[in-house]
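Here are my notes on this one, with the sequence and model below for you to follow along.

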Amino acid sequence: MNRVLPNPLYYLDNFQLVLDWVRERYDDLLIPEEHCFINDFFSLPQASRALFVRMVMRKGDYFRESKLSYAEIADTSEAISSLIKGGWIVPDPPLSLDQLFELLQKPEIVAAFSLTAADKNLKKAEQLDCLRSRFDGSKPFSAWHPASVDRVLHIQNKPMCDRLRLIFFGNWYQDWSEFVLSDLGIYQYEVIPFSKESRGFQTRRDVESYIAVQVCRELFDKGEPTALVLAELAKIVNDNDWINGRRHKLLFQMGQQCEKQKDWDQALMIYRMSNYPGSRLRTIRVLEKTEQQVAALELLNLALMAPENDAEYQQLQRSAPRLNRKLGHINQALPTMAQVTSFELTLPYPDSSFYVEAVVKDHLSQDDAPVYYVENTLINSMFGLLCWPAIFKPVPGAFFHPFHRGPVDLTSADFHQRRKDEFAICMEQLDSDDYLVTIRETYQTKQGIQSPFVFWNNLDADLLDLALRCIPAQHLRLWFQRILSNIKSNRNGFPDLIQFWPQERRYSMIEVKGPGDRLQDNQKRLIDFCALHELPISVCYLEWREDDK
């Protein structure tokens, strides 16, 4: 079904909302040029404002006038004239050959350059290659193609619009489509009360630092020399934890790239500059690779005293015996992985396309003991429904525009601590039957609203009722506490399937492993957790019948 917005100028309203929001909440951060842009924009005629926004939201900076035709803009020519007069767009700007080719169709290229019969049949990119040797420099569209009655327009201030969008969203990845998806009801967002303190950037330096980190990321993605990117990163000085987190993440990724290239010295230097989770572990690995075992073991033992999370501790335990052995030290006995119930299935190879989890689900499911494919969706969703008020508490800096799927600090180390009292209130409901009411009510009242935990498409009322009937409150408490202890890592790794026995009010989680598959590290950690707390879990090893392979 095609959904149509009732207001044809919806995009203009949305753009103006951003400008109003930024002007109201970030007035002290804006530079004079941005203040002038906002004030001057609202002084334009409505048709000119609408056309300008249409151009902002389209790809590129150069547009053919004939392509700027919109039903809701009655007089495009008049709108263009006002924009030209105010300096918002420039008519007939100089164009390079490459820029020209972005605007012309193949028949126009043939006419403009009087191509030979042989050149006419070339692909557009091949025609461009041929013409580059003959034409150098830039000139207006009217000079490139005098026979055309069309005109090219160059939009000004598009980078400023991107910058204002950044200030509004606090990131580069959200764009103008967020408004449309919300207006159409495709995405719904929790309504958060905003104060003037609820903003992503606190100083102008924050804005400039964020942009500078993004520029460095783009340089890195383009394959620019590591030394150049490091030199640019070194210029960024900021005490904003959120922005520094982005900087340290980029350093970590640069270290990984150097590792892949076996540039060990560079990788080691970069990892030591980064505090992004995993940097210390990679430092140990590079020290070991470069035969610096003593330094590697010293850092490993230091890390074992205060591991950053369960994942690091698991890897440290794995590396310790190897390093100790290389240095001739006596190894201490390592804890073994908890024993887990496992079973094997040998089934006929399916005739049609399949995934192994569904094959096992269909085989194990019974009328009185249904099996569901849930993986990470069920327990996370139940956690999100119970703890909705805590997750969406308007903590300063956690929400600063109306299109947040979740708090900005969701994976930060102090996320739980900043909402400790609210989470405690939510968890206390597990001491009585109150949690049953809360989860069901939240499921009804918040249906479809974006959440970092609730998977609406995977959670129907029947599945939720079964889970609430069969999973004891004390088990939910353990699962929820584990998620809270490390949201970034512990939201993942849940078993593929869950089986319910409604009459007996019990359940079991089942991890499925197809032929040749094995348990991943996060799954091993979860199995250890289940064994420690006696939570029901098993591993199913699937094989195909020999005669069906």
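1. The largest cavity holds about 30 Å³ of space. A cavity here is a set of points, on a 1 Å grid over the protein atoms alone, where a 1.4 Å probe fits but cannot get out; its volume is the space filled by probe spheres set on the points, which are joined across faces, edges and corners. Keep in mind that this is a predicted model, where local features need pLDDT of at least 70 and side-chain atom pairs 80 or more, while totals for chains, interfaces and linings use all residues. Numbering runs from 1 along each chain, and side-chain values use heavy atoms, without hydrogens or water.

2. What lines the largest cavity? Residues with an atom within 4 Å of a point count as lining, among them Gly-493, Phe-494, Glu-511 and Ile-537. Helix 27 (residues 521-533) gives the largest share, three residues.

3. Helices (H or I, at least four residues) and strands (E, at least two) are DSSP runs, numbered from the N terminus. Just after helix 27, Glu-534 has a positive phi of about 55°.

4. Elsewhere, Ile-192 sits in the loop between helix 11 and helix 12. Ile-192 counts as buried because its relative accessibility is 10%. Beyond its neighbours within four places in sequence, Ile-192 is in contact (heavy atoms within 4.5 Å) with Phe-392, Pro-394 and Phe-399.

Terms used
1 Å grid on protein atoms, 1.4 Å probe; cavity = no way out; pocket = protein on both sides within 12 Å on 5 of 7 lines; lining within 4 Å. Buried < 20%, exposed > 50% of the residue type's maximum accessible area, 1.4 Å probe, protein only.
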